[in-house]
Each structure stands twice: as structure tokens, then as C-alpha cells.
Amino acid sequence: MEEQTLWTFDRFEPGQLFGTIDVAMDAKKRADWVSIYGKTDSDLLPRGMVVAAMMESYVRAIQPRPSGNVHASQVLNFSDVRPRWGTTLSTMVSCTAKAEKNGRFWVDFGILVSADASEVLSGTIRSIWAK
Amino acid sequence: MLPEKISDLSLQTSHELATTYAALSFDYNPLHLDEEFAAKTAFGAPIAHGTMALNLLLQAIENAFGSKLDHEHLEIRFSAPVKVGEKITAGGVRADDGYSVWVKTEAGVTVISGLLRFGRQP
């Protein structure tokens with residue numbers, strides 16, 4: 001099996017695309033969500049579940065990654081689209097900025113989450129990359 | 001009419017919850033799950049996933065606004081780590097141009113702080 005190269009700070013470039021990742025909002029996800037945050041009567045996806053799917057896509061899109069990255073801040077712009085459980089969320093992940101400050105490696109990742117081609121969420125994950 | 005405050009919502013974190021959240025978000029960073037690994041980091045012990053606390057805040061926001069949610073813009077900073085095992089509480093109050101929002105530990109340490117606004121952002 002071909003060994004993949006670790007994603008280090010040096011490899012990131014603003015404008016870089018990491019592809020689009022699909023995550024199904026299936027019964028397992030719903031069960032995990034409920035076991036953490038409690039039961040919801042609504043069939044609408046909680047906003048937080050969209051964020052968890054965004055994180056899954058971000059993690060899946062950039063592999064392998066060093067251990068110990070830190071999520072420093074987050075911007076979220078939700079639309080008026082409210083997907084339901086059972087749908088599939090598609091998340092496009094990109095690098096929007098990077099900077100080395102005081103020995104820390106800051107990387108901004110743009111995310112765009114859609115359901116059935118309608119935008120649900122856009123935003124920025126700001127990370128301190130481990131190496 | 002919009003509420004003056006976002007009512008408190010709490011979550012007791014635990015290793016079990018961190019493991020479930022790792023599966024939910026596919027984030028198996030050992031910083032959240034592996035005591036031995038975390039002990040060698042600056043945190044000294046496993047810390048909860050940042051978005052586990054962020055999603056508690058989003059739940060509190062959903063509880064407060066229900067079907068009125070539309071084009072929310074949220075900017076937050078993860079200002080301190082949550083040690084796995086700590087209880088956290090999310091909430092917020094009306095501010096000039098939206099809501100000042102937070103997540104705090106029982107000791108009163110702010111772990112997430114930020115601003116929530118509504119409406120399309122430029």
C-alpha cells in the first residue's frame with residue numbers, strides 16, 4: 001500500500017482545495033448525537049450536527065495529519081436551509097490562509113457545507129498546526 | 001420579539017462522551033482520548049473536543065430561537081481547554097449588535113467566547 005505524506009504546515013498554500021467529502025446523516029449519527037446532547041423531537045438536523053459533519057469532512061479531507069493540532073477559533077455562517085436527518089451533507093474544504101507567528105503555525109481552512117446543492121453553512125476553521 | 005438571554009444549557013463531559021463525540025465527528029485526535037499522549041502535552045490531560053462545547057452552545061441557541069433561526073453568524077474563540085470530566089455550561093445575553101455568547105466551566109473559566117448575529121453577512 002502506498003504511504004501517504006503527512007500534511008505539515010509547509011505543504012499548505014492559500015487557495016488549495018482538498019476536495020468535497022460526503023457525510024450521511026444516518027441512524028448511527030443520530031444515535032451518537034442523542035447520546036451526547038439528548039433527544040430531539042424535530043426531524044430537522046441540529047445546527048451542531050452540521051458542525052460535527054463539517055469537522056468530519058475537515059478531518060477526512062486532510063490525512064494523514066500530525067497529532068496535537070489545536071482548533072483555535074471558528075466562524076460559522078448558516079443559511080436558511082434546514083436539512084433533515086437522513087440527508088447527506090457535502091463539505092468542500094480549502095486552505096484560505098497560513099501564517100507563522102511566535103513559533104506557532106496558524107492555518108485557516110474554508111468550509112462550505114451543502115445539502116442537495118443548497119448551501120447550509122460556510123465558515124472558517126482556524127487551527128494551530130502541530131508541525 | 002427576541003429573548004434578552006440565551007438560557008443556560010449544561011453538559012457533563014466524560015471519557016465515554018469524548019469517545020462518542022470522536023465517532024460523531026471522526027476526530028480521533030489522541031489529545032481528546034489518550035491519557036498517556038495528553039499527559040505529555042502542555043494540557044497535561046485529555047481535553048474535550050472544541051466543537052463538543054461549541055455544539056452545546058449551538059443547542060442553547062436553538063433552544064432560545066427555535067424556528068426563528070435564520071442566517072446566524074457566529075464568531076467564537078476557543079479561549080481555554082475543557083478537561084475531560086469537567087461540566088460545562090453554555091449561554092448568552094443580548095448585546096448591541098447581537099448576542100454575547102459563551103461556554104464556561106463550573107469553576108467559571110470561559111472556554112468559548114464570541115458573538116452571535118442574525119442576518120446575511122456582507
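Ten strands, listed here in order, make up an open sheet: β1(A)-β3(A)-β4(A)-β5(A)-β2(A)-β2(B)-β5(B)-β4(B)-β3(B)-β1(B). The pairing is antiparallel. At the edges stand β1 (17-24) of chain A and β1 of chain B, each pairing on one side only. From one strand to the next, the twist averages 20°. Helix α2(A) packs on this sheet. That helix touches β1, β2, β3 (88-101), β4 and β5 of chain A together with β2 of chain B, and its direction makes about 55° with that of β5(A).

This is a predicted model, in which local features need pLDDT of at least 70, side-chain atom pairs count only at pLDDT 80 or more, and totals for chains, interfaces and linings use all residues; side-chain values use heavy atoms, with hydrogens and water left out. Residues are numbered from 1 along each chain as its sequence is written, while chains are lettered from A and ligands numbered from 1 in the order in which they are written.

A few terms are needed. Helices (H or I, at least four residues) and strands (E, at least two) are DSSP runs, numbered from the N terminus. Two strands pair if DSSP finds at least two bridges between them. Contact means heavy atoms within 4.5 Å. Axes are lines fitted to C-alpha atoms, for helices over the stretch in contact, and angles run from 0 to 180 degrees between N-to-C directions.

## Strand pairs in chain B

Strands β1(B) and β3 (residues 87-95) of chain B pair in the antiparallel sense over six bridges. I6(B) has G92(B) in β3(B) as its bridge partner. Between β2(B) and β5(B), which run antiparallel, there are seven bridges. Here E75(B) stands opposite L115(B) in β5(B).

Strand β4 (residues 98-105) of chain B also pairs with β5(B) in the antiparallel sense, over six bridges. W102(B) has S113(B) in β5(B) as its bridge partner. The hairpin of β4(B) and β5(B) has four residues between the strands, and in this hairpin G108(B) takes a positive phi near 90°.

## A buried valine and an exposed asparagine

V113(A) lies in strand β4 of chain A. This valine is buried, with a relative accessible area of 0%. Buried means under 20% relative accessible area, exposed over 50%, partly exposed in between (1.4 Å probe, protein chains only). Leaving out residues up to four places away in sequence, V113(A) touches V50(A), M54(A), L89(A), S90(A), T91(A), S118(A), E119(A), V120(A) and L121(A).

N63(B) lies in helix α4 of chain B. This asparagine is exposed, with a relative accessible area of 56%. The C-alpha atoms of N63(B) and P81(B), 18 residues apart along the chain, are separated by 25 Å.

## Helix α1 of chain B

Helix α1 of chain B covers residues 15-25. Its buried residues are L17(B), A18(B), T20(B), Y21(B), A22(B), L24(B) and S25(B). An α-helix has 3.6 residues a turn, so residues three or four places apart point the same way. The buried residues of α1(B) pack against both chains: α1 (27-37) and α2 (47-61) of chain A, and β1 (5-12), α2 (30-33) and α4 (50-65) of chain B. Just after α1(B), F26(B) takes a positive phi of about 60°.

## Pockets and a cavity

On a 1 Å grid over the protein atoms alone, a cavity is a set of points where a 1.4 Å probe fits but cannot get out, and a pocket is an open set with protein on both sides within 12 Å along at least five of seven lines; lining residues have an atom within 4 Å of a point. Grid points are joined across faces, edges and corners, and a volume is the space filled by probe spheres set on the points. The largest pocket has a volume of about 990 Å³. Of its 45 lining residues, N69(A), V70(A), H71(A), L31(B) and F43(B) are the closest to its centre. The lining divides into 25 nonpolar, 15 polar and five charged residues. Ala, Val, Leu, Ile, Met, Phe, Trp, Tyr, Cys and Pro count as nonpolar, Asp, Glu, Lys and Arg as charged, and the others, Gly among them, as polar.

The largest cavity holds about 30 Å³ of space. Its lining consists of R47(A), F78(A), L58(B), I61(B), L69(B), E72(B), L74(B) and L116(B).
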